[in-house]
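Let's take a walk through this model together, beginning with a sheet and then turning to some charged side chains. Keep the 3D view open as you read.

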Amino acid sequence: MAGVSSVLDITLFLCLITISAFHPTYSKPNGFSLKLIPRDAPESPLYPGNLTLLERIQRMIKFSEARSHYLDLISSSNSTVEIDNISLTLLRDNFFYMVQVGIGSPATLVFLLLDTGGSLIWTQCKPCQNCYIQATPIYDSTQSWSYRKLACNHPFCQGPRALYQCVNDECVYNINYGGGALTRGIASIEIFTFPFNITTSVRIADIVFGCSNDNRNIQFAKNGVISGVLGLSLNPDSLLSQLADQTQRRFSYCLVPFTEAQMAPSVVRFGDDIPAPPGGISTTPFVTRPGSPFYNLNLLDISVGSRKLGFPPGTFAYSQSGTRGFFIDSGALISQLDQNANGRNTYREVMGAFQNYYDSLHLTRIGRVPEGFQLCYSYTPQFTQFASMTYHFEGSNYVVDPRYVNFYNHEAGYFCVAMMPGNGKSILGAWHQQNMRLIYDLNTHALQFTPEICANDNP
């Protein structure tokens, strides 16, 4: 893969820098920020080289398909977590964003994949029983003066809602993934360092994380630069939940458009680091869904252009089995609509509305395209009548600018409606979140949003 060796050399150098270079503070902050690095960006340790736009889009679709498979298994699993057999899969291509954090004292810098639907924060941890080859230094708990194990009497480890299990006086987790992958380790407590740039970082003590010393068949280990996962879900052991008091239970991001020549890092912001929107802001409440780590929303209807489709009430409501519903997920790149949402093929109906609109403009539909999208048309640069799309949520309307409704292959002279069919769920994916300020506010238990030029939200 082009450029990997040089990137790994740089990454190894960065990970050997002592954390004192970041001038950290130990005080509990009211806010902090992290660079949100797309895996295909030049700053990413997984940077695949200078790909064409078509190659990048094809990779994004592959990531979306992998993410869809991952979410299918989560949605179909029992809502009660079983310590010895969590029914998930962890595919290497299921994650698109990563962050860099420091763990311990002195800090070991690691890259973690970001998951807004995940909970446990975990990293590979020495001394290893089984660790996959990691090009960057593995965190060593014996070398950190601030490390300690989570006590068995902690609420995460005892009681009817315990997340982990006490074995031989140690609080442990044992996560079995699909395809034979697993991670096991000791629930632990450490100081985490959150570097924003070369001169600014924040250190926060007493964060519970997984010190994984037994990792087998972990499929995102390719190139050996990803150490684990950082979860931002609603579950109590996610980073957001653990830092609720310090960050006012709020986090935010604004995704830089994917099709820009050089994909720039976006920023995930917490608490007081979240900027005040210059104009008005829209709000829709999260839907409480017992046992679900996802940010579920009450979608009432959908419009294509000015035409409201008139879905019956409850079409997008989640089922008691936990296999339906609508949620927002930054890890799902392409938005999905369920093919059986309480008896309605919402994907087909929405795509039919797009087809009716573009057919009425006498555009020429084309067949199979390399990107894999199902509804595509030829067009010339003079054509500007692209349709917007509106998600009518409870309390507000989320309007997707036409620029981000479609994928455009300018060189080949066609565009495609960038949607995927869902099997058991509907998702507001990252493609429809481009250039939109999104604020997850657990004080009001609501999602806030407003259009913004995300490239101006610089690290």
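**A sheet, a helix and some salt bridges**

In this predicted model, an open sheet is built from four strands, ordered 20-21-25-24, with antiparallel pairing. Its edges are strand 20 (365-366) and strand 24 (406-409), each of which pairs on one side only. As background, strands of a sheet are joined through backbone hydrogen bonds, in either a parallel or an antiparallel manner.

Strand 20 pairs with strand 21 (residues 376-378) in the antiparallel sense, over two bridges. If you select Ile366, you will find its bridge partner in strand 21, Cys376. Packed on the sheet is helix 4 (residues 346-360), which touches strand 20, strand 21, strand 24 and strand 25 (414-417). The direction of helix 4 makes about 150 degrees with that of strand 25.

Now for the charged side chains: the model has 10 salt bridges. One of them joins Arg216 and Asp214, at 2.9 Å from N to O. How accessible are these two partners? Arg216 is partly exposed because its relative accessibility is 35%, whereas Asp214 is buried, at 3%, under the 20% cut-off.

Another salt bridge links Arg344 with Glu349, at 2.8 Å from N to O. Here Arg344 is partly exposed, with a relative accessible area of 27%, and Glu349 is partly exposed too, at 29%. Asp401 and Arg403 also meet in a salt bridge, at 3.0 Å from N to O, and Asp401 counts as partly exposed at 31% relative accessibility.

Finally, look for Arg269, Arg437, Glu452 and Asp457, which are linked in a network of salt bridges.

Definitions and conventions:
Residues are numbered from 1 along each chain as its sequence is written. This is a predicted model: local features need pLDDT of at least 70, side-chain atom pairs count only at pLDDT 80 or more; totals for chains, interfaces and linings use all residues. Side-chain values use heavy atoms; hydrogens and water are left out. Two strands pair if DSSP finds at least two bridges between them. Contact means heavy atoms within 4.5 Å. Axes are lines fitted to C-alpha atoms, for helices over the stretch in contact, and angles run from 0 to 180 degrees between N-to-C directions. A salt bridge is a side-chain nitrogen of Lys or Arg within 4 Å of a carboxyl oxygen of Asp or Glu. Buried means under 20% relative accessible area, exposed over 50%, partly exposed in between (1.4 Å probe, protein chains only).
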